[in-house]
Amino acid sequence: MRNATYETGAFFVRDRSWHPKAYTPDYKTSVTRSPQKALLSLENTVSEITGPVFGHDILGEKDNDLIYNFARPGESAIGERIIVHGKVLDERGRGVPGVLVEFWQANAAGRYRHKNEGYMAPLDPNFGGCGRTITDDDGGYAFRTVKPGPYPWPNGVNDWRPAHIHFSIFGYGFAQRLITQMYFEGDPLIPLCPIVRTIADEAAIEQLVAPLDMASTVPMDARAYKFDIVLRGRRSTMFENRMEGN
Ligand SMILES: [Fe+2]
């Protein structure tokens, strides 16, 4: 285990004006998924302020490389090769080490490898679509993948998800768990997406859009996008109101 300092103590209350409301009828499934009764506010107990501590020994060799982690020997996933990197920060801007960062996404054609997937776009036999890594002593993380394609989804008559990568971040305690999505700079589908539009604050949406980061590009290999993730507090990355899918 590394020598990082792990904090203990209660977490700040999640900012409900920054994160999307649970009930957002333009995002149809939020209607049945949202609470029907008033929320109760509870003090943090040891169950919420502690969590498992992850070590690099739980990771497989290719867990942070979606181009190769499901590919046959000598082959690789089809698509635009990219590096996604950034920092997991706390609400005071400090890097959070030892955090498990998991990510999953559609392939370059916009299709998931999932039994409930209904989109006609092709599967890529060399692309599984999920991986994980653990933040370093400064809270940094990075992985390699192919840029996911946008895909249609049954909501309105003609709704398309912008290209996106799903993230799960497991911080110091169960109360700090964050599920979110990353979008790509310049994607015209972002402002049209009913899921994106559940976020009221434009600055909160902007926080989910990863800029192209040419400084971290590997020439003749992969472009890079930078995505920092903030756990809790006013500057938190928005919390998605569903846990997986879409
Ligand atoms: Fe998705």
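Visitor: How far apart are the end C-alpha atoms of residues 84-112, and how much of the span is helix or strand?
Guide: Keep in mind this is a predicted model. The end C-alpha atoms of that span are 19 Å apart, and residues 84-112 come out as 0% helix and 41% strand.

Visitor: What does UniProt list for residues 84-112?
Guide: The UniProt record, an unreviewed entry, gives "domain: Intradiol ring-cleavage dioxygenases" for those residues.

Visitor: Switching topic: where is proline 211?
Guide: Proline 211 is in the loop that links β9 (209-210) to β10 (223-226).

Visitor: Is proline 211 buried or exposed, or something in between?
Guide: Proline 211 is partly exposed, because its count is 13 other C-beta atoms within 10 Å; buried would take 20 or more, and exposed means 12 or fewer.

Visitor: Which residues is proline 211 in contact with, skipping neighbours within four places in sequence?
Guide: Those are Glu185, Tyr225 and Lys226.

Visitor: Okay, what's the strand order in the open sheet of 5 strands?
Guide: The order is β3-β2-β7-β8-β9, with mixed pairing. At the edges sit β3 (130-134) and β9, each pairing on one side only.

Visitor: How do β8 and β9 run, and how many bridges join them?
Guide: They run parallel, with 2 bridges joining β8 (residues 178-184) to β9.

Visitor: Which residue stands opposite tyrosine 183?
Guide: That's valine 209, in β9.

How values were computed
Residues numbered from 1 in each chain as written. Predicted model: local features only at pLDDT ≥ 70, side-chain atom pairs only at ≥ 80, totals over all residues. Helix = DSSP H or I, 4+ residues; strand = E, 2+ residues; numbered from the N terminus. Contact = placed C-beta atoms within 7 Å. Pairing = 2+ DSSP bridges. UniProt positions renumbered as here; feature names shortened; annotations may be inferred.
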